[in-house]
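Below is a short briefing on one structure. Please look through it with the sequence and the model at hand.

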Amino acid sequence: MEPISLTIEGARSAIQERKTTAVALADAHYARIQKEDGQIGAFLTLSKERALAQAERIDRMVADGKPLPPLAGVPVGIKDVMSTRGVRTTAGSKILETYTPPYDCTAVARLEAAGAVVLGKMNCDEFAMGSSNENSGYGPVRNPRDLTRVPGGSSGGSAAAVAAHMAVFTLGSDTGGSIRQPAAFCGVVGLMPTYGRVSRYGLIAFASSLDHIGPLTKTVKDAAIVLRTIAGRDPMDSTSTDLPVPDYVAELDKPVRGLKLGVAKEYFAEGLDEEVRAAVEGAIEKLKGLGCEIVPVSLPHTPYAIPTYYLIATAEASSNLARYDGVRYSHRARGVRTLSEMYRRSRDGGFGTEVKRRIMLGTYALSAGYYDAYYLKAQKVRTLLTRDFDAAFTKVDAILTPTSPTAAFRLGEKSNDPLAMYLADIYTVTADLAGIPGISIPCGETREKLPIGLQILGRHFDEATILRVARAFEQAA
Amino acid sequence: MKVTEKDVTYVADLANLELTEDERRGMLRDLNSILDYVDRLNELDTSNVPPMAQVSDRYGVDEAKQGSERFAYAVREDVLEGLRRSLPHSEALANAPDADDDFFRVPKVIER
């Protein structure tokens with residue numbers, strides 16, 4: 001069976017109805033990876049043994065006439081920041097080139113318990129730090145729509161693999177836009193759940209108050225199916241909440257008529273590409289046509305989101321990345337004589353430029369004499385940004401914005417200017433800072449046939465509404 | 001310029017990074033350009049705004065409760081059941097660049 005256009009339900013029912021087997025489906029995806037991924041570079045490691053063992057288990061269930069779990073035999077790719085027992089996990093960094101985790105990330109374990117088949121690990125920016133996937137220690141990922149362009153980042157491999165049908169869906173992580181922005185650039189669906197909705201146990205930490213795990217899929221319904229599977233309290237992650245997990249799939253087709261959708265002028269300001277603006281405005285009109293009420297809202301602190309984000313995220317990163325010291329699981333430089341020399345030379349040799357830059361910025365922002373001026377200031381502005389959303393959500397049920405100010409840019413275009421690269425996240429960092437959920441769905445193309453993303457932001461723990469709006473738009477498009 | 005060459009050396013030292021001459025020059029340029037941009041935060045008066053260290057004390061918790069009471073759901077009995085078992089030494093040490101049967105091995109710690 002050709003992997004092209006298979007959704008989660010499509011894959012599962014093809015197996016259930018014996019039109020294919022889980023093993024054949026995994027093989028078909030590996031064949032496609034073999035054929036396509038040489039030029040795209042989405043996979044870092046293939047986990048064939050693990051995939052085939054799981055696929056055979058599913059096929060035995062079919063043969064025995066047992067009821068199949070919801071993701072039975074569905075091939076998935078996992079961003080390489082999520083730990084997989086016995087399967088190399090690098091976080092896109094040379095400092096973890098040979099690291100093989102002794103345990104599984106909870107989200108991955110839940111997918112496998114639901115029958116999913118883990119094909120391998122997806123390329124990404126080193127430690128999820130980047131917006132183009134050019135910061136990977138293992139080479140860039142190329143956008144399947146146009147190989148001269150980036151797939152976005154940091155979950156670039158996750159987005160490209162779904163777009164190129166090398167996996168039915170993937171998991172990514174989002175700290176400042178790393179699921180939604182690559183989803184927009186590659187023309188797929190990317191969902192960042194509410195902070196606390198999905199356990200981060202086994203996720204290699206970048207910025208702990210901002211890190212989220214979520215799916216990249218071909219359809220909105222698939223995103224709902226995956227979220228339903230991975231969401232919910234995990235005793236191994238104290239930040240995962242015990243709020244009940246709604247049946248996101250059952251809620252999908254509730255009518256959207258009468259929903260109030262906010263549009264904030266701050267997300268349509270200077271720097272927004274005209275083609276992106278036109279596509280997003282067209283999407284807003286379409287949702288209005290479906291009976292939604294479009295309501296102007298104001299999120300006045302939006303222009304302060306990028307500086308706030310880059311202080312908080314780098315400060316947390318400088319602390320989280322202190323663990324890479326050449327002692328327990330990371331690369332160690334050869335020929336060192338003292339402990340201090342071992343730390344420095346191992347870290348120098350293992351980390352790439354952007355990671356070092358962020359560690360430096362974060363360490364500076366936390367250092368004596370600068371803590372109040374930078375880190376504490378950013379935490380206060382984070383409160384203001386969150387209050388903006390609190391106020392807006394008293395008036396509207398969801399907010400519509402572009403996902404990124406431009407479509408996919410060219411490789412090398414921004415790689416020498418860190419600040420220009422950071423601004424690619426201008427519409428996505430706000431949701432991470434406020435902890436609210438957001439989804440990016442395709443809403444058109446540029447003249448050069450590059451995908452454009454519509455972002456839908458929702459209230460805390462109200463993924464059901466943004467999924468419903470996304471689904472209504474997708475069905476109407 | 002906010003950040004000087006001396007600052008770069010000091011911060012690299014704090015972060016246990018060495019950095020080549022080239023990298024130091026790059027850091028000096030990039031940190032200054034980023035911090036210039038970050039300066040726009042000073043346009044905001046935040047004297048009466050509380051800092052936000054995390055999201056989860058405001059949403060998805062019982063807001064009638066105060067402090068750690070809000071996180072009662074995250075508290076558990078001090079037992080191993082339901083949690084991951086401790087790793088055997090062989091697995092815990094498997095990724096170490098240098099180890100014996102029981103311990104990670106590192107260069108002498110006394111001298112810096």
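Which residue in strand 8 of chain A is the bridge partner of Val263(A)? The bridge partner of Val263(A) is Pro296(A).

This is a predicted model, in which local features need pLDDT of at least 70 and side-chain atom pairs count only at pLDDT 80 or more, while totals for chains, interfaces and linings use all residues. Residues are numbered from 1 along each chain as its sequence is written, and chains are lettered from A and ligands numbered from 1 in the order in which they are written. Helices (H or I, at least four residues) and strands (E, at least two) are DSSP runs, numbered from the N terminus.

**The sheet**

- Eleven strands of chain A form an open sheet with mixed pairing, in the order 1-3-2-4-6-5-10-11-9-7-8; two strands pair if DSSP finds at least two bridges between them.
- Strand 1 (43-46) and strand 8 (293-297) of chain A stand at the edges with a single partner strand each, so one side of each has no neighbour in the sheet.
- On average, neighbouring strands of this sheet are turned by 30° against each other, direction ignored.
- Strand 7 (residues 260-264) and strand 8 of chain A run parallel and are joined by five bridges.
- Helix 3 of chain A packs on the sheet, where it touches strand 1 and strand 3 (117-122) of chain A, and its direction makes about 160° with that of strand 3. Axes are lines fitted to C-alpha atoms, for helices over the stretch in contact, and angles run from 0 to 180 degrees between N-to-C directions.

**Strand 5 of chain A**

- In a regular strand the side chains alternate between the two faces of the sheet.
- From strand 5 (residues 189-192) of chain A, Val189(A) and Leu191(A) point one way, Gly190(A) and Met192(A) point the other way, and all are buried. A residue is buried if 20 or more other C-beta atoms, placed from the backbone, lie within 10 Å of its own.
- Strand 5 runs antiparallel to strand 6 (residues 212-217) of chain A, with two bridges between them, and Val189(A) stands opposite Thr217(A).
- Strand 5 also runs antiparallel to strand 10 (residues 438-445) of chain A, with three bridges; here Met192(A) has Gly438(A) as its bridge partner.

**Helix 1 of chain A**

- Helix 1 (residues 8-16) of chain A has Ile8(A), Ala11(A), Arg12(A) and Ile15(A) as its buried residues.
- Seen down the helix axis, these buried residues fall within an arc of 95°, so they line one face of helix 1. The arc is that of the directions from the helix axis to the C-beta atoms.
- Arg18(A), which follows helix 1 of chain A, has a positive phi, near 60°.

**Helix 12 of chain A and chain B**

- Helix 12 (residues 353-366) of chain A is mostly covered, as twelve of its 14 residues are buried.
- Its cover includes helix 10, helix 13 (371-392) and helix 14 (418-422) of chain A, together with helix 1 (5-14) and helix 2 (21-38) of chain B.
- The contact between the chains takes 51 residues from chain B and 60 residues from chain A; two residues are in contact if their C-beta atoms, placed from the backbone, lie within 7 Å.
- Helix 2 of chain B gives the largest share of the side of chain B that touches chain A, eight residues.
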